[in-house]
Amino acid sequence: MYLEITNWITIPVEDRQRAGNFYTRVLNLPAIDFRIGNTNISYLPDAVNGGYCGSMVEKDDAGWELRPSLVYIYAFGDIDEVAGRITESGGHILSIKTNFYPEEGVFIIFEDTEANKIAFVGLRASQAQKHSA
């Protein structure tokens with residue numbers, strides 16, 4: 001397994017519209033609104049590489065609490081194996097393996113031994129090849 005350092009950040013917000021307006025003005029790039037299940041999300045465009053580099057997420061009906069900001073790191077390999085090593089090493093899984101866009105992959109959110117919240121993203125084989133090229 002190997003990691004690709006920070007590739008995504010999630011910014012928790014109380015009011016996604018207000019936060020979207022703020023970041024649109026600050027970055028001079030439009031935030032793109034989206035909804036996954038009960039979660040309202042605004043994606044932040046990646047002006048350098050294309051696509052997106054982060055999101056602003058409103059707390060959803062399931063009670064997602066993402067404060068402080070959440071950093072996502074690509075974890076190429078078996079995400080279930082990684083989750084096992086997290087708990088064996090004294091960390092705690094905060095969010096079970098969750099699919100995002102079926103063609104992309106899955107992620108888990110965990111707390112490390114220093115109370116940092118981090119997410120590891122496990123990509124589908126086709127997506128892993130794109131990112132490793």
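Two residues are in contact here when they have heavy atoms within 4.5 Å of each other. Among contacts in this protein between residues at least 6 apart in sequence, 48% join residues at least 24 apart.

A quick word on where this comes from. This is a predicted model, in which local features need pLDDT of at least 70 and side-chain atom pairs count only at pLDDT 80 or more, while totals for chains, interfaces and linings use all residues. Residues are numbered from 1 along each chain as its sequence is written, and side-chain values use heavy atoms, with hydrogens and water left out.

Now the overall layout. The protein has three helices and eight strands, counted as DSSP runs numbered from the N terminus (helices are H or I with at least four residues, strands are E with at least two). Of the 133 residues, 38% are buried, where buried means under 20% relative accessible area, exposed means over 50%, and partly exposed is in between (1.4 Å probe, protein chains only).

Covering residues 39–45, it has seven of its seven residues buried. In a regular strand, side chains alternate between the two faces of the sheet. On one side of β3 sit T39, I41, Y43 and P45, on the other N40, S42 and L44, and all of them are buried.

| Pair | Bridges | Direction |
|---|---|---|
| β2 (residues 32–36) and β3 | five bridges | antiparallel |
| β3 and β4 (residues 52–58) | five bridges | antiparallel |

On the β4 side, Y43 has S55 as its bridge partner. The hairpin of β3 and β4 has six residues between the strands, with G50 at a positive phi near 80 degrees.

L27 belongs to helix α1 (residues 16–27) and is partly exposed, with a relative accessible area of 42%. Together with F22 and V26, L27 makes a nonpolar surface patch of about 280 Å².

Note on methods
Patches are made of residues with over 30% relative accessible area and no salt bridge: like charges are joined within 9 Å, nonpolar side chains (Val, Leu, Ile, Met, Phe, Trp, Tyr) within 5 Å. Accessible areas come from the Shrake-Rupley method with a 1.4 Å probe; for residues, only the protein chains shown count as cover. A salt bridge is a side-chain nitrogen of Lys or Arg within 4 Å of a carboxyl oxygen of Asp or Glu. Two strands pair if DSSP finds at least two bridges between them.
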